[in-house]
Amino acid sequence: MLPIILDTKWFILYSYPLFMGLGWGCSYAVTKNYWQNLGLDAKALNILFFGVFVSSWIGAKLFFLYYSSGHK
């Protein structure tokens, strides 16, 4: 996979965050469809997805900081 898809004077498009965002967006759309078919509240799904996104982002950063500081 190419790390940089587009590189201009004012903009750089990195492939990893692009595809991570597409993955999150697709998983949200599929889950929202199933969620609505079950008759559950859409607000609860939004809170759930936001919580999972924030906690996974913080956890990944903490893991990176711990192992990049020389702890092996």
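Guide: Two rings of Phe, Tyr or Trp (for Trp, the six-membered ring) form an aromatic pair if their centres lie within 6.5 Å, and the pair counts as stacked with planes under 30 degrees apart, as edge-to-face over 60 degrees and as tilted otherwise. The structure is a predicted model, in which local features need pLDDT of at least 70 and side-chain atom pairs count only at pLDDT 80 or more, whereas totals for chains, interfaces and linings use all residues. Residues are numbered from 1 along each chain as its sequence is written, and side-chain values use heavy atoms, with hydrogens and water left out.

Visitor: Are the rings of F63 and Y67 stacked or tilted?
Guide: The structure holds 5 aromatic pairs. In the pair of F63 and Y67, the ring centres are 4.7 Å apart and the planes stand at 55 degrees, so the pair is tilted.

Visitor: What separates F63 and Y67 in helix α2, and is F63 buried or exposed?
Guide: Because F63 and Y67 are 4 residues apart in helix α2 (residues 42-68), about one helical turn separates them. On the scale used here, buried means under 20% relative accessible area, exposed over 50% and partly exposed in between, computed with a 1.4 Å probe on protein chains only. With a relative accessibility of 54%, F63 therefore counts as exposed.

Visitor: Which kind of aromatic pair do Y66 and Y67 form?
Guide: Y67 counts as partly exposed at 42% relative accessibility. The rings of Y66 and Y67 lie 5.0 Å centre to centre with 90 degrees between the planes, and this pair is edge-to-face.

Visitor: Is α1 roughly parallel or roughly antiparallel to α2?
Guide: Axes are lines fitted to C-alpha atoms, for helices over the stretch in contact, with angles from 0 to 180 degrees between N-to-C directions. The axes of α1 (residues 15-37) and α2 come within 11 Å and cross at roughly 150 degrees. Since angles under 35 degrees count as roughly parallel, over 145 as roughly antiparallel, 65 to 115 as roughly perpendicular and the rest as oblique, α1 is, relative to α2, roughly antiparallel.

Visitor: How many residues of the contact of α1 with α2 are charged?
Guide: Contact means heavy atoms within 4.5 Å, and by that rule W24, S27, Y28, T31, K32 and W35 in α1 meet residues of α2 including A42, L45, F49 and F53. Ala, Val, Leu, Ile, Met, Phe, Trp, Tyr, Cys and Pro count as nonpolar, Asp, Glu, Lys and Arg as charged, and the others, Gly among them, as polar. The contact residues divide into 10 nonpolar and 4 polar, and those that are charged number 1.

Visitor: How far apart are the C-alpha atoms of K32 and A42?
Guide: K32 lies in helix α1 and, at 31% relative accessibility, counts as partly exposed. K32 and A42 are 10 residues apart along the chain, and their C-alpha atoms are separated by 7.4 Å.

Visitor: Which residues does S15 touch?
Guide: S15 is found in helix α1 and is buried, with a relative accessible area of 2%. Leaving aside residues up to four places away in sequence, S15 touches M1, L2, P3 and I5.

How values were computed
Helix = DSSP H or I, 4+ residues; strand = E, 2+ residues; numbered from the N terminus.
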